[in-house]
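Look at the structure first, then read the points below.

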Amino acid sequence: MGILGKSFSVKVVDKVVVSAEEPWTDHWLSFTNLDLLVPPFNVSSFFCYNKPTDGSFPIMLDTLKASLSRALALYPPVSGDIAWNEAVGKNQIHCNNQGVDFIHAFADVELKELNFYNPDESVEGKLMPDKKRGVCAIQVTELKCGGMVIGIKFDHRIVDLYSANMFISSWADMTRSETTSIIPSFARSHMNPRSPTFYSSSIDDVFTLYDIPHSQPDEDQNHNEGDNILINRIYYIEGEQLKRLQVLASESGRRRSKLVAFTSYLWKELALSMEEAGNQNEVCNVAIAVDGRKRLSEGDGEEKEKLMDSHFGNVLSIPYGRKKSQDLNEMSLSNVATDVHEFLHIASRKDHFLDLIDWVEEQGPRPLISKAFARGEMSVMVSAGQRIHTKDEMDFGWGKFAFGSCHVPSERKDCFVMTLGSPTNNEDWVVYLHMPLKHMSFIEGHASHVFKPLNADYLKI
């Protein structure tokens with residue numbers, strides 16, 4: 001299945017630690033209650049650049065290191081670690097300026113030869129750093145054509161997509177010797193629970209306590225083998241197809257967003273895949289990540305809005321829908337879209353995020369999890385990134401990127417989908433999928449008119 005890219009090797013040329021420039025102060029930073037909803041795994045992004053018209057790679061590399069040092073001074077948590085703070089008896093972010101591992105590598109491949117469709121072949125273990133310590137690692141890979149790939153990996157407990165983008169765009173600003181467009185805020189008071197705490201029962205429909213299994217059941221030993229193995233693929237969806245899905249999703253008389261239409265379509269495709277495999281009675285969950293920054297600042301004035309816009313950390317809720325595959329297949333796309341709109345509406349209000357902060361406070365130190373992923377059922381989370389990875393923000397001084405995407409590390413065992421803006425056509429989407437092979441194969445066979453494998457020709461590389 002798919003497109004063949006050129007096989008290539010990657011050699012690590014140098015590895016250094018980049019720390020924040022002076023002055024800096026050793027201090028501890030507490031997690032907010034919304035940070036505590038995030039599991040301890042990594043999130044990654046990579047950005048591909050054509051050969052610049054001027055400037056040598058060694059000079060660009062030195063410039064990146066120098067500007068990274070300045071960026072780390074502005075973002076102390078990124079240069080720190082997560083550790084046990086004896087003074088308070090809990091894990092916190094230790095802003096100790098231990099620095100970020102910065103890897104310089106060389107790949108024996110040209111940018112146009114990379115397999116963009118299959119990041120398991122081209123990105124995983126090659127263009128992405130191996131983060132062995134701290135909360136962040138960076139790899140800058142020089143390509144045979146003179147192009148470059150910047151890969152960056154974060155501990156998800158300190159950043160969501162918005163915060164990661166904030167840091168990378170600030171780093172890019174400083175590399176261009178410009179003043180960064182946003183100054184991050186690490187204030188915690190605006191994320192404190194209310195006194196007394198209270199919350200509506202709707203929170204129980206979104207998150208729950210996580211019962212960590214003591215052992216894996218025998219029948220699940222091969223869950224990540226064969227057709228169940230989780231793989232990564234990247235597609236593009238043409239704007240006309242998105243509009244068609246939006247029209248079909250709006251047939252109930254209410255206009256649905258493209259995100260709701262796409263999520264509804266994907267939900268039905270997964271249900272069809274399950275039914276074809278004989279799993280008519282199994283449940284299929286779909287969740288959508290919702291950023292709460294604008295919602296938490298509603299009605300509180302311009303100052304609170306700016307504070308939330310600059311907040312560095314996690315500000316997410318994950319509402320979801322749960323249905324049996326057979327029921328989904330019998331529903332029209334517009335009816336599915338109505339259900340998606342309704343569960344998404346749960347997290348559309350300021351009160352939801354205030355309630356969520358209070359709910360976490362009442363749970364104490366117990367582990368928490370999105371309810372969509374708590375039962376071991378088929379579940380996929382959709383995250384909208386169309387407005388995040390913008391070409392203008394990720395310009396380090398040698399031109400806008402040819403392509404940028406998230407990357408899901410191989411150790412992630414949850415199904416994840418991210419929608420991104422296209423770097424070549426404003427009407428199109430690029431979609432990153434991390435799902436079982438059997439479902440990916442079904443989607444490619446059944447919905448190839450919608451999901452088209454991403455390639456260098458489409459990216460005009």
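A salt bridge is a side-chain nitrogen of Lys or Arg within 4 Å of a carboxyl oxygen of Asp or Glu. This is a predicted model, where local features need pLDDT of at least 70, side-chain atom pairs count only at pLDDT 80 or more, and totals for chains, interfaces and linings use all residues. Residues are numbered from 1 along each chain as its sequence is written, and side-chain values use heavy atoms, with hydrogens and water left out. Searching the whole structure gives 21 salt bridges.

**Asp355 and Arg194**
- Asp355 and Arg194 form a salt bridge, at 2.8 Å from N to O.
- Asp355 sits in helix H10 (residues 350-363) and Arg194 in the loop between H3 and strand S9 (207-209), so the pair ties together parts 161 residues apart in sequence.
- Helices (H or I, at least four residues) and strands (E, at least two) are DSSP runs, numbered from the N terminus.
- Asp355 is buried at 8% relative accessibility, while Arg194 is partly exposed at 23%.
- Buried means under 20% relative accessible area, exposed over 50%, and partly exposed in between (1.4 Å probe, protein chains only).

**Asp160 and Arg293**
- In the salt bridge between Asp160 and Arg293, the closest N and O atoms are 2.9 Å apart.
- Asp160 is in the loop between strand S8 (148-155) and helix H3 (161-175), and Arg293 is in helix H6 (residues 293-296), 133 residues apart.
- Asp160 is buried at 2% relative accessibility, and Arg293 is buried at 2%.

**Arg412 and Asp414**
- Arg412 pairs with Asp414 in a salt bridge, with the closest N and O atoms 2.7 Å apart.
- Both Arg412 and Asp414 are buried.
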